[in-house]
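Reader: I'd like to go through this model and ask what stands behind the labels. Shall we start with confidence?

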Amino acid sequence: MGYRELTGMSDLSPIRELNKLSAAGGNTTRPTREPRNWRPFLLLIPAFIIVSFFFLAPLIDVFIRSITDPSLGIQNYVWLFTTPTNMVVAGRTFGTSFLVTIVCLLIAYPYAYLMTIVSDRTRNMLQLFIMLPLWTSILVRTLAWMVLLQDTGPINGLLESVFGIGPLPLIRSTFGVALGMTQVLLPFMVLPLYSALAKIDKRLLPAAANLGARPVTAFFTVYLPLSRPGIFAGSVTVFILGLGFYIIPALLGSSKEIMMSALMYQQISGFLMWGHGTALGIFMLTTTIVVLALVGRASKGTSLFAGRTK
Amino acid sequence: MTLKRALSALAVLTVLWLLLPTLVIIPMSFNSAASFNFPPQGFSLQWYANFFTDPSWMRALGSSLQVALITMVVATALGIMAAIGLSKVRFRGKSLLENFFLTPLIVPGIVIAIGLYSLFLRFNLLGTLPGFVLAHTVVALPLVIINVTASLQGVDPRLEQASATLGAGRLRTFFSITLPLIMPGVTAGALFAFVTSFDEIILSLFIQSPQLQTLPVKIYNSVTQASDPTVAAVAVVAMFTSVIVMLTAQFATRKRKRVSA
Amino acid sequence: MRPDSIDAAPDIHEQELRQLNLNTQIIGVINDAGISLRAVTKRYGKKAVVDDISLVIEPGEFMTFLGPSGSGKTTTLNMIAGFVSATEGLLHIYGKPVAKLPAHKRDIGMVFQNYALFPHKTVAENIAYPLDRRKISRSEQKTMIAGALQMVRMGEFGDRYPTELSGGQQQRVALARALVYQPRVLLMDEPLGALDKKLREWLQKEIKRIHREVGSTFVYVTHDQEEALSLSDRIAVFNNGRIEQVGSPAELYQRPATLFVGRFLGESTVLSGSRVDSLHGTTTLNISGHDIRVPGEQDSTSLAILIRPENITLHDEGTVTDSTRINSLPVIVLDSSYLGSAWRCEVQLPDGSVGTVREAHSTIVREPGTRAVMRWNVDSGVLLVDTGEAGVSLT
C-alpha cells in the first residue's frame, strides 16, 4: 500500500506484520482528533462577553425600545420622518458632517502628499504633529475654541480693531461647530490618506509627463484616481464620526440649530421620549452602516482603523 | 521644488491650526481675573489652588484615575487574550469576529451611550464604578486588540513551538516568551486604554450620577452651568496627563520597531 | 539525571496495543524502536499530506527525511514533535505512545530552520530555558550550559544576544539549547537551509560529530540530497506524502527502489524501453532498437534502466566490440565540462533524452556534436518500473 520497504533491520517479519496491519486500514487504527484546537476560542470568550453585553446588547436595546416605546409599532419612525424639524436637524447634521469631510479632505490631501515626498525624519515629525491633537481630549480642545471664538474673544477683538466688523457669530453657530469638528477630525483623514498615497508609485507622474501630460492633467488623470481608496477611507471615517459628535455641537453650536445627537439627548433626557430618541439612534446607526457598506466596497483594502496604533 | 515649498508652508499652517488654539487654555489657567476673557490679566495660581483644594474636583479626579486604571487593567487583560486567540484560531467568519471587537470604534458614541443608559437604568449600574469600567472597557478594548495584534505579527510562531519542545507548557511559554516579546504593544495598548477612559466623555455623561462623576463630566457640567475659570486649570492638568501617557505609549512603540528590526 | 517526562503508565500502553490485536513481535519492535510510526496518516480535509507511513527509527540512529517540498517530510517531523496530530495511526517514542502527549511533555529537542532563538534572552539564558523547566539547580545549570556551549564551540558567546550572532553561530546555539538537557530524540527541520554553502558543509561535519558524541536519535529533514547522503545513517525518501524507500545512503544511491529515488539522489542516466525477455535473473530490454541487458526481473511491461554517470565510459565510434557483460549505446555528445576530478559529459541518447557520463581518467576532450558510444557493465544498471514521471526538480 503506502510504501515499499521499511528498514534495513535484520529481522523483517515484524515489519511485514506492521505493513499488513497498515494495509488492513481502519479497523486497527483509531482516528485521533486534532487536539486542543478549540483552546484559543476560550481566550476570545471574555472579550466576546463584554462586547456582547455592553455594546451589542445596548444597541439591541436601543432598537427594541425604538419599536416598543411607548407601544409596539413603527410610530416612532413615523414621527421621525414626518416631523419637519427632525428632517431639518438630520439635514443639518449630514450637511455639517459633509462640509467637514470636504474641508478635511482639502486640508489633508496636500499634507498627506507632502508626507510621501519628504525624508523619513520629516515624515515622522509630520506624523507626530498630526497625532499630537489626538492625545488631548475633545473636551479640552473645545474649551479652548470657546475661549477663542466667543464674542469678546481675541479673534472677534482682532476683527473689530483691524477691520471694524463684528462681533461675528463665530460661536453658537454652525461655523463654530464645523471649525471645531474639522480640527478634531483632520487626523482621521490624514492617516488613511497617507497610507494610500504612500503606496502609489512615485515614478508615475514623471512617466505621465513624458507622455505629454501637463502636471495638472497628470495629477487629475493618474495620481488622483490612484489615491481614491485613501480618499474613500478617510472621508467615510470623518463623515461617520462627524455624524455622532455631541460635545462640540453642544458647546460651540447654537441651541437653536441643534444636531441629531443633541436631539437624541433632548428627547431622552429632557422629554423622556425614549421611543423618539432611540429611533433617532437607530436612524443614525443605519446611516453609518449604509455609508460604510457603500464606500467600504469602493475602498477595499484600506483599513478604517489606520492610525489607531502607535 | 516650488511645489514642495508651497506644500510645506501649508503644512506649517495646518500644524499651527491644529496645535496652537488648544494651548490658549494654558495662559487662561493662570488668569488672575475671574473670567474667560483673552488675553488673561496678570498671573495667578488661584485656579490651580481652587482645583486642588475643592473636594468635589478632587473626588472627580480620583474617580477618573480609578476608573481609568481599572479600565486599563481589564481592557488590557481581555485585549491580550482576544488578540492571541484571534491570532491562533482559523475558521470561517473570523474576520466578522475581528470586526465585532473593533466596531465600538466606529459606531457613534451617542448611540452606544443611550443604549448603555437604558441598560444601566435597569440594572442599577448608573453612576457605579463597575458601570463606568465596563462602559469604558468596550471602547478601550479595540485599541488594545489593535496594538497587541500588531505586536503579535512580529513574533515568530516557531518561538512558541521551540519553547514547547524545550519543555514549557502553554502558560509558561506565554509568560516567558510571548508576553515579553509583545510587551511594547501591550504597553502601548494599555496606555491607550488609560487615556481613552480618562478622556471619555459621551458615555460618561449618560451613565454619570451625582455620586460618581469623572473629571471630563465635571468639566462639562461646570462649563455648561457656570463660568468658573477653575475649569481651565483642570483642563491643563487633564491635558498634560493624557499627553504624558501618550508620549510614553509612543516611546513604547518606538522600542517595538527597534526590536522587530 | 534525565527527568523522565514521558510518564504514561506502561500497563495502559500494553493494554492499548493488545486491543489492536498486534502480535508480541510487533510490540517488541515498537518497544525497542527509538521512534516508531505505524500507519500514520495526516489529512487536512480530504487531502492526505502524510499517507499511511510506517517507519522504525533505531535508537541512536541518524535518520534523514529527504524529499521535495510538499512531500510530507516536515509534516511527519511535526507529528513527532507534537505540533501536528496524526489523523490516524500510532506514534511511539522509545516505546511510549505519544499521540496524546503535548509537545512540551515529549522530551525531545528540536532545531528550526530559522533558529527560533528567543530574541529577548542571551545565549546562556536561551540554553538555561529548558533547564529551568526541568528544575535543575543554578550551579548545575552553569556547568551544563558551559558544556553545551563547549560542544558547539561557542564557549565565548554566553552573554551575547542572538541578534549579535551570525546565522551559523545562531544555529549552533540552537543546537546547544536543544541538546543541553540530553533529549533522547533530536529533530532538525532544514537547520542549514538558510546558510551559505561553505558554512553548511562545515556545520554538517559539526552535526555529525555531535551526533557521535551525544548518541541521541537524530531525525533530520532536508530537501538537499547531498546533505542527506553525507550526514545520514539511513534516509527515508518522501514523495507525495509517502515513503518511497528507506535505506543507507549507499543503498539508495546504488540500488534505488523506484525511479523517483534514483532520480532524486545524485545524477543518473535513465533508459526507457520494452522487455525482450527475462532469463536467469537477467532482463533484456529493447532500447531504441538496441538490446540492453540488466540484472533482475520485473513484472511491469514498461521498464527503465538507471545507470550512475561514474559507471559509464565513452568511446570513439567503431573502437569497441560487443560483449555479453557490457552494454553499449550510440550517443551524441551535447556538452562536456571539466570538473577537475573528472570530465562530465551530457550526451543525447538514441531516444532523444539526455544522459550523463562522468569519466575520471579520460584525457580526451569530447567536442559537442561528435558521435560516440557509451558503455557500461551490465551489473551496474538498475532495473526499475517506469512510472512515467519525467525529471524531478532538485530544489
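Reader: What does pLDDT do over residues 1-12 of chain C, and how many contacts beyond four places in sequence does the model have for them?

Author: It's a predicted model, so local features need pLDDT of at least 70, side-chain atom pairs count only at pLDDT 80 or more, and totals for chains, interfaces and linings use all residues. Residues are numbered from 1 along each chain as its sequence is written, while chains are lettered from A and ligands numbered from 1 in the order in which they are written. Over residues 1-12 of chain C, pLDDT (the predictor's confidence in each residue, from 0 to 100) stays under 50. The model has 13 contacts beyond four places in sequence for that stretch, a contact being two residues whose C-beta atoms, placed from the backbone, lie within 7 Å. Residues 391-395 of chain C also stay under 50, with nine such contacts.

Reader: Where in chain C is confidence lowest, and where highest?

Author: Lowest is helix 1 (residues 10-19) of chain C, at a mean of 53, and highest is strand 3 (residues 62-66) of chain C, at 96. Chain C as a whole has a mean pLDDT of 86, with 91% of its residues at 70 or more. For the complex, the predictor gives an ipTM of 0.89 and a pTM of 0.82.

Reader: What makes strand 6 and strand 10 of chain C edge strands?

Author: They belong to an open sheet of six strands in chain C, ordered 6-7-8-3-9-10 with mixed pairing. Strand 6 (108-111) and strand 10 (242-247) each have a single partner strand, so one side of each lacks a neighbour in the sheet. Neighbours here are turned by 15° against each other on average, direction ignored.

Reader: How do you know that strand 7 and strand 8 of chain C pair?

Author: Pairing takes at least two bridges found by DSSP. Strand 7 (residues 185-189) and strand 8 (residues 217-222) of chain C have five, in the parallel sense, and C:L186 has C:F218 as its bridge partner.

Reader: Which strands stand at the edges of the antiparallel sheet in chain C?

Author: That open sheet has five strands, ordered 13-12-11-14-20. Strand 13 (290-295) and strand 20 (382-385) of chain C have one partner strand each, so each is left with one side that has no neighbour in the sheet. Four bridges join strand 14 (residues 302-307) of chain C to strand 20, with C:A304 partnered by C:L384.

Reader: Over in chain A, why is helix 4 called oblique to helix 11?

Author: The axes of helix 4 (residues 84-117) and helix 11 (residues 228-243) of chain A come within 9 Å and cross at roughly 140°. That makes helix 4 of chain A oblique to helix 11 of chain A, because oblique is what remains once angles under 35 degrees (roughly parallel), over 145 (roughly antiparallel) and 65 to 115 (roughly perpendicular) are taken out. Among the residues that meet are A:T93 and A:F98 from helix 4 of chain A, and A:V238 and A:F239 from helix 11 of chain A. The contact divides into nine nonpolar, seven polar and no charged residues.

Reader: How many residues of chain A are in contact with chain B, and which helix of chain A gives the largest share?

Author: 64 residues of chain A contact 71 residues of chain B. Helix 2 (residues 39-68) of chain A gives the largest share of chain A's side, 16 residues. That side divides into 46 nonpolar, 13 polar and five charged. Nonpolar covers Ala, Val, Leu, Ile, Met, Phe, Trp, Tyr, Cys and Pro, charged covers Asp, Glu, Lys and Arg, and the others, Gly among them, are polar.

Reader: How many helices and strands does chain B have?

Author: Chain B comes to 12 helices and zero strands, where DSSP runs of H or I count as helices from at least four residues and E runs as strands from at least two, numbered from the N terminus. The C-alpha trace of chain B spans about 70 × 65 × 30 Å along its principal axes.

Conventions: Axes fitted to C-alpha atoms, helices over the stretch in contact; angles between N-to-C directions.
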